[in-house]
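Work through the exercises below with the structure open beside you. Try each task before you read its solution.

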Amino acid sequence: MTGSISSTQKMDRLSLAVNAIPPSGIRRFFDMAEKMENVISLGVGEPDFPTPWNVREASIASIERGDTAYTANAGLEPLRIEIAKYMEQIFHVSYDPLSEIIVTVGASEGLDIAIRAIINPGDEVIVVEPGFVSYAPIVTLAGGKVIPLKTKKEHAFKLTKEAVEAAITPRTKAIMISFPNNPTGAVMTKEELLPIAEVIDDHDLLVISDEIYGELSYDTTHYSFSRLPRMKDRTILISGFSKAFAMTGWRLGFVCAPSDILSAMLKIHQYTMMSAPTIAQYGALEALQNGREDVDKMVTSYRQRRNFIVESFQEIGLDCHVPGGAFYAFPSIEATGMSSEEFAEALLKEEQVAVVPGNVFGSGGEGHIRCSYAASLDDLQTAIQRMDRFLNRK
Amino acid sequence: MMNETKLEILRILEENGRLPIDTIAKLVQRDKEEVAKIIQSLEDEKMILGYRAVVDWEKDQENTGVTAMIDVKVTPKRGVGFEQVAKRIYRFKEVDALYLMSGAYDLSVVVHGETMTEVANFVSEKLSTLDDVVSTTTHFRLKTYKHDGVIFHDEDNEDKRMVVSP
């Protein structure tokens, strides 16, 4: 029989898991903002620096040499060795490059295969919200159950021992955390993480720690979760090159984990990805070997702009906690009486400033907007003027 | 040893000398008065010597000016080394820049003139006639690609990121 397929049939031919995932909340704003002119965007989740030239050059050289075949599944050995050195020098955690590190297609792939390697159907994963948009869908796709754990503004969006304990059930397998956090910019110090580690230990849980923004810490040095006592064996540490090295489009990340978990992840990786892009791996090698100065410069520049945007928000009456890391400010817009979506949509339509409504990062983000300050100082200044005008009308 | 705030302000101004003081104050988390004082002291100490625009004169159709970089060998003088001859050279208004160099020659002189003849005349009449100057080699600058860290015709400068992303 010919004819069109009904919408029920269309739902039926897709997996239950994929149907259970809501469409991306960011997409709608992207579509709206893209059609408008004269938009200043504070909605971009990536650095405003191009990848440093030496890194691009190294990648071009690898193409010229013809280094374009697959690499080992886990990634180029010299790259894994450099990653191990880097993690040791910058974050003081030590991993064996050959059995405890793999190179992935962005930190995103690392997150996905970490969850797939450890989750059985029905296992519960505590997902800290507000948090990056892909955590919950990744768990759902793997057949796990998402247990959202809201961090609160009054705690500067940090985790508390009590809140974590309250979210744990006998079915809890793991917790996904991310500090410095996208979208809140929250960071956690060693002292603040220690009680969390105790809970993890007491309940025999695993931790997936997304530390992609680790280098972008402005007031304190980033303390890796796996550096806490007894936590190395319980932590799947995920990071990559996108943020600190300004290499988002290269799609290159890495995972450091205990060797049993890592080899399970490697199994999934080798059947689904084979290996991360070779030419990107050569770029990353250069970034680790000769990129320190660029990273430091970029971090200084983000820190200055962080200072600028927070103080400017306070001047125009936007209630904003000081984000200790990443490149996002997460001011509260509750005083306007609008929902975060209403606020973001009206701000875009009336003043052509694009921000991301907090609720797309989980319900804990309602009442806030995410403003990326990875934008030029001129753009930040203009955006703040426009937002001031907008707030005065509301 | 210079304090960190001072150094940070210098780097900010080196990048953009026109930033207003209150913007700089926000960037470095200090109050305006303190930043103004620091900048004043940097100017007083002559650590900051001036503020200028980076101009692409090639955009001015009527501009015929030329710039030459001249390698100069000199005989240093006992007691004063290169200082005396350097002073005699940099006092000419035609001289834009002067550096003491290591290597095959001693002084590098950057000379600006309205025409090539003007520069040639300066070299033959003023520069090479100085007692201490042994030889000169003149190179004319044909095109500026990058000057003081600024790329002049930067086509890669536009923001290529998607307007909203997670």
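**Exercise 1. Confidence**

Task: State what the model scores, and what the mean pLDDT of chain B is.

Solution. Start with the origin: this is a predicted model. Next, read the scores for the model. They are ipTM 0.90 and pTM 0.94. Now turn to chain B. Its mean pLDDT is 94. In chain B, 99% of residues reach 70 or more. Keep one rule in mind: where pLDDT is low, the predicted coordinates should not be read in detail.

**Exercise 2. The domains of chain A**

Task: Find the domains of chain A and describe the side of domain 1 that touches domain 2.

Solution. Step one is the division. Domain 1 of chain A covers 9-50 + 294-393, and domain 2 covers 53-290. Step two is the spacing. Their C-alpha centres lie 24 Å apart. Step three is the contact. Domain 1 of chain A brings 35 residues to it, and domain 2 of chain A brings 34 residues. Step four looks at elements on the domain 1 side. H12 and strand S9 (328-329) of chain A each supply at least two residues there. H12(A) gives the most, with six residues. Step five sorts that side by class. It has 20 nonpolar, 11 polar and four charged residues.

**Exercise 3. The shape of chain B**

Task: Describe the fold and extent of chain B.

Solution. First, count the elements. Chain B has five helices and six strands. Along the sequence, they follow the pattern α-α-α-β-α-β-β-α-β-β-β. Second, look at the domains. The assignment for chain B gives domain 1 as 4-44 and domain 2 as 57-143. The centres of these two domains of chain B are separated by 35 Å, taken over C-alpha atoms. Third, compare chain B with a globule. A compact globule of 166 residues would have a radius of gyration near 15 Å, whereas chain B has 21 Å. The C-alpha trace of chain B spans about 65 × 40 × 30 Å along its principal axes. In chain B, 17% of the 166 residues count as buried. Last, look at sequence separation. Take the contacts in chain B between residues at least 6 apart in sequence: 55% of them join residues at least 24 apart.

**Exercise 4. Where the chains touch**

Task: Say how many residues each chain gives to the contact, and which helices of chain A supply at least two residues each.

Solution. Count by chain. Chain A gives 22 residues and chain B gives 12 residues. Now locate the chain A side. Helix H3 (25-35) and helix H12 (292-315) of chain A each supply at least two residues to it. Then sort that side by class. It holds 12 nonpolar, six polar and four charged residues.

**Exercise 5. Nonpolar cores**

Task: Identify the residues with the most contacts inside the largest nonpolar core.

Solution. The largest nonpolar core has 130 residues. Ala114(A) and Val255(A) have the most contacts inside it. Helix H6 (residues 106-118) of chain A gives the most to this core, with seven residues. Finally, find the second, separate core. It has 15 residues, among them Ala68(B), Ile70(B), Val111(B) and Val123(B).

Key:
Residues are numbered from 1 along each chain as its sequence is written. Chains are lettered from A and ligands numbered from 1 in the order in which they are written. This is a predicted model: local features need pLDDT of at least 70, side-chain atom pairs count only at pLDDT 80 or more; totals for chains, interfaces and linings use all residues. Domain bounds come from an automatic or database domain assignment. Two residues are in contact if their C-beta atoms, placed from the backbone, lie within 7 Å. Helices (H or I, at least four residues) and strands (E, at least two) are DSSP runs, numbered from the N terminus. Ala, Val, Leu, Ile, Met, Phe, Trp, Tyr, Cys and Pro count as nonpolar, Asp, Glu, Lys and Arg as charged, and the others, Gly among them, as polar. pLDDT is the predictor's confidence in each residue, from 0 to 100. A nonpolar core is a set of buried Ala, Val, Leu, Ile, Met, Phe, Trp, Tyr and Cys residues joined through C-beta atoms within 7 Å. A residue is buried if 20 or more other C-beta atoms lie within 10 Å of its own, exposed if 12 or fewer, and partly exposed in between; C-beta atoms are placed from the backbone. The radius of gyration is taken over C-alpha atoms; the globule rule is 2.2 Å times the number of residues to the power 0.38.
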